[in-house]
Amino acid sequence: MKVTLIGTGLMGRPMGERILAAGHHLTVFNRSREKAELLRSSGAEIAATAAAAVNSAECVILMLADEVAIREVLFDEDPKPDLGQRTVIQMGSISPTESIGFHQEVVECGGDYLEAPVLGSIPEARAGSLLVMMGASHFLFKRWCTFLQCFGPEPLLVGEVGKAAALKLALNQLIASLTAGFAMSLGFVQRQGVEIDVFMKIVRQSALYAATFDKKLERMLNRDYANPNFPTKHLLKDMKLFRDEAEAVNLELRAIDGIGGLLALTLDKGFADDDYSAVFEAVSPAEG
Ligand code: NAP
């Protein structure tokens, strides 16, 4: 099948490798061309414009940062891509409201649209073990489920367009809350003079434990947030999206505002492109 991938950033690149490994013909476009070029040696064709990339395939995978990026490549470019008779599969993390809006616009242009956001990061993208959540009609789920198995073994139909986007935001809110909560307890025990090994031994044996604590422990202890799988700026983006959607359904916002504030402070400290465990620098800044 002829597939186009737009967005060859941290996640898009390994996902492009998976599409090629599954035997599809792949065309890629990325705003910064040098990142698209990295897929050439694996067999991808590099398109000069988003329109050329879209027009070359029946299926267009979007792995872009946010709504602005999607709007830019699908609707704001000159020449405009021809979306008629093509299926757009949106796999980045955007809000349900944004996704429902894109669905309408793509259908108005004569195309099909479904959302398939993912849980998991670069290692899972490389291994094809992402958790793929689909927001789609039953018809489009059946049509595209097998193809999406190149990214994850068991794409799950969450519901109509918007439902998978909502689920993804709920999961990323958990990432932020768990990480901020762990950072606070870690900073606290450090400053109280409690042995970190003792703290972790108890936490690991308890119902409070989450695997992400051990994944982030070393980075926080070493204050080393380089080479991120998931940068802080994208987690803050997701928390802002979560807040807007939570407000619309009358959820209490104080907790989300607190954690969002910590992530915003992390960005102010210069960690936008670093691993989101850098929230530790907002919670427990280095002393002296
Ligand atoms: P990334 O490395 O920052 O890549 C973002 C992509 O969006 C790049 O291709 C970038 O192009 C493009 N882009 C940004 N603004 C643009 C604009 N205005 N116009 C055109 N293109 C634009 O991010 P990522 O980690 O791959 O994440 C992509 C999406 O997946 C995000 O929504 C993220 O929240 C989500 N996600 C990430 C992970 C993860 O672990 N990293 C996991 C699950 C979901 P340039 O290269 O030119 O900047």
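The side chains of R191 and E287 meet in a salt bridge, with 3.4 Å from N to O; a salt bridge is a side-chain nitrogen of Lys or Arg within 4 Å of a carboxyl oxygen of Asp or Glu. The model is predicted, and local features need pLDDT of at least 70, side-chain atom pairs count only at pLDDT 80 or more, and totals for chains, interfaces and linings use all residues. Residues are numbered from 1 along each chain as its sequence is written, and side-chain values use heavy atoms, leaving out hydrogens and water.

**Salt bridges**
- The whole structure holds 15 salt bridges.
- R191 is partly exposed, with a relative accessible area of 45%, whereas E287 is exposed at 65%; buried means under 20%, exposed over 50% and partly exposed in between (1.4 Å probe, protein chains only).
- R204 and D214 form another salt bridge, at 2.8 Å from N to O.
- D112 and R143 are also paired in this way, at 4.0 Å from N to O.

**Ligand surroundings**
- The ligand is surrounded by 24 residues, where a residue is near a molecule if one of its heavy atoms lies within 4 Å of it.
- The closest residues are N30, S32, K35, S121 and N229.
- A polar side-chain atom of S121 lies 2.5 Å from an oxygen atom of the ligand.
- For R31, a polar side-chain atom is 2.9 Å from a ligand oxygen atom.
- In S93, a polar backbone atom lies 3.0 Å from an oxygen atom of the ligand.

**Helix α4**
- The buried residues in α4 include A69, I70, V73, L74 and F75.

Technical notes: A polar contact is a pair of N or O atoms within 3.5 Å; within protein, one must be able to donate a hydrogen and the other to accept it, and residues adjacent in sequence count only if both atoms are side-chain atoms. Helices (H or I, at least four residues) and strands (E, at least two) are DSSP runs, numbered from the N terminus.
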